[in-house]
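Thanks for coming. I will take a few minutes to go through one structure, starting with a single residue and ending with the chain as a whole.

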Amino acid sequence: MTGYTRQRYLSRAAIGIALVIGACGTPAVDSTPSVSDVQASGQPTDAVSPSMSGTPSPSVAPEGPVGVGTTIQVMVDTLRVREAPGTDATIVARLARDVTAVVTAGPMEADGYTWFEVETSAGAGWVADGDGQEAWIVAAPPLEAAELAFRFRVMCDVQPPLVPPLLTVTTDREVVMASQPSDGGWRTGRLTPAAFGDLMALLDHPALAESARYVPVRRPEAGEPPGHGLCVFEFTFGPPEDRVQVTSVSWFGDEEEAMFYEPSPERKALDELAQRLQEPGLLTDAAWESPPGTYEADAFLAWIQTDAGPSPPGVPAADDLDVLGDLSTFGVPASIGRCGYLDRDEVEALAEAFAGSEAPLDPLAVSYLTAAAEPGPASII
């Protein structure tokens with residue numbers, strides 16, 4: 001590869017490519033989870049960690065190192081702002097996912113973290129940039145995105161590292177949504193005022209009025225519930241400074257819920273709403289001001305994991321994929337890999353490299369690729 005010294009440990013690497021509407025590092029949901037696992041997930045693990053392990057927002061594209069004057073964007077659900085750098089300093093504010101701030105000082109090392117002073121709408125303070133495994137802040141991309149009205153994401157059972165939203169709607173009635181499985185890819189268009197109003201009315205439910213997390217709570221006297229998969233639904237509303245995010249675990253059926261879990265009308269209602277949002281007829285032809293077209297992204301999310309599984313034969317060598325640069329420093333840390341962004345030209349170069357292989361790249365959909373590298377195989381997702 002161009003720009004780095006070949007290292008043998010890169011012979012096994014997984015990389016994911018998705019439209020910029022994707023999310024990288026989404027926590028996997030085990031196909032046979034225990035309820036205690038679901039309940040325990042998302043708890044702070046130290047004095048500065050966010051309240052839930054986060055993933056980059058669809059609009060986040062790291063643009064280089066953070067420095068004084070940089071506008072940063074929060075990549076986790078809650079980021080603590082402290083009076084001074086250090087885990088013992090007083091918490092003066094908490095920043096929600098996607099909120100932006102301007103760096104005014106730093107970096108400064110304290111208590112094993114790297115700190116930056118930032119100026120926010122809630123005042124000034126110091127934030128840590130991550131825990132060494134995941135980045136909690138990144139340099140905000142120079143994008144002029146429309147204000148978010150609503151976003152809907154579904155994560156079911158064991159998930160790949162890229163889980164894009166199924167539906168994204170802006171306040172100017174623009175929509176990006178997954179096409180039907182038979183069509184593949186994504187489509188975009190602008191809703192009529194009436195259709196936009198009907199969609200937002202559908203989402204007008206008390207359980208979505210404020211940020212919350214609804215998970216199954218076991219009845220103390222109940223026995224062991226049956227093991228099976230589940231889905232996690234994520235409903236997001238509004239701009240970063242006034243964001244509402246609701247996460248809910250799917251409904252397990254009236255009989256199982258009544259036998260093993262405390263009543264949760266919110267979860268049941270949100271499960272019904274999630275099913276409605278996934279129906280093919282959610283938006284009819286009459287809902288669009290003009291027929292929707294193919295969504296063409298200018299930026300693509302890529303996820304790299306080292307030490308991954310084997311690749312099929314006849315695919316490109318990882319060392320020949322110059323567009324990715326040094327895999328060991330690509331993007332920023334994200335879960336068990338690294339997460340970064342590619343522009344259209346770079347993705348087209350990857351598509352050309354994989355053309356005719358057993359795992360071609362489709363720029364219109366989330367693609368899971370595989371590349372070979374000596375002395376053994378490597379995976380590119």
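Is aspartate 343 buried, partly exposed or exposed? Before the answer, a caution: this is a predicted model. Aspartate 343 has a relative accessible area of 37%, so it counts as partly exposed, since that term covers values between 20% and 50%.

Where does this residue sit? Aspartate 343 belongs to strand E19, which covers residues 337-343. On the surface, Asp343 is part of a patch of negative charge, together with Glu296, Asp298 and Asp345.

Now to another aspartate. Aspartate 271 is in helix H4, residues 265-277. Aspartate 271 is buried, and yet it has no salt bridge. Which side chain of opposite charge is nearest to aspartate 271? That is arginine 267, at 6.8 Å. A salt bridge needs a side-chain nitrogen of Lys or Arg within 4 Å of a carboxyl oxygen of Asp or Glu. Leaving out residues up to four places away in sequence, aspartate 271 touches Phe233, Ser250 and Trp251.

Last, the chain as a whole. Its secondary structure comes to 5 helices and 22 strands. The chain has 381 residues, and 51% of them count as buried. Take the contacts with a separation of 6 or more: 69% of these are between residues 24 or more positions apart.

Methods: Residues numbered from 1 in each chain as written. Predicted model: local features only at pLDDT ≥ 70, side-chain atom pairs only at ≥ 80, totals over all residues. Heavy atoms only, no water. Patch = residues over 30% accessible without salt bridge, like charges linked within 9 Å, V, L, I, M, F, W, Y side chains within 5 Å. Areas by Shrake-Rupley, 256 points an atom, 1.4 Å probe, with all protein chains shown as cover. Lys, Arg positive; Asp, Glu negative; His and termini not counted. Charge placed at Lys NZ, Arg CZ, Asp CG, Glu CD. Helix = DSSP H or I, 4+ residues; strand = E, 2+ residues; numbered from the N terminus. Buried < 20%, exposed > 50% of the residue type's maximum accessible area, 1.4 Å probe, protein only. Contact = heavy atoms within 4.5 Å.
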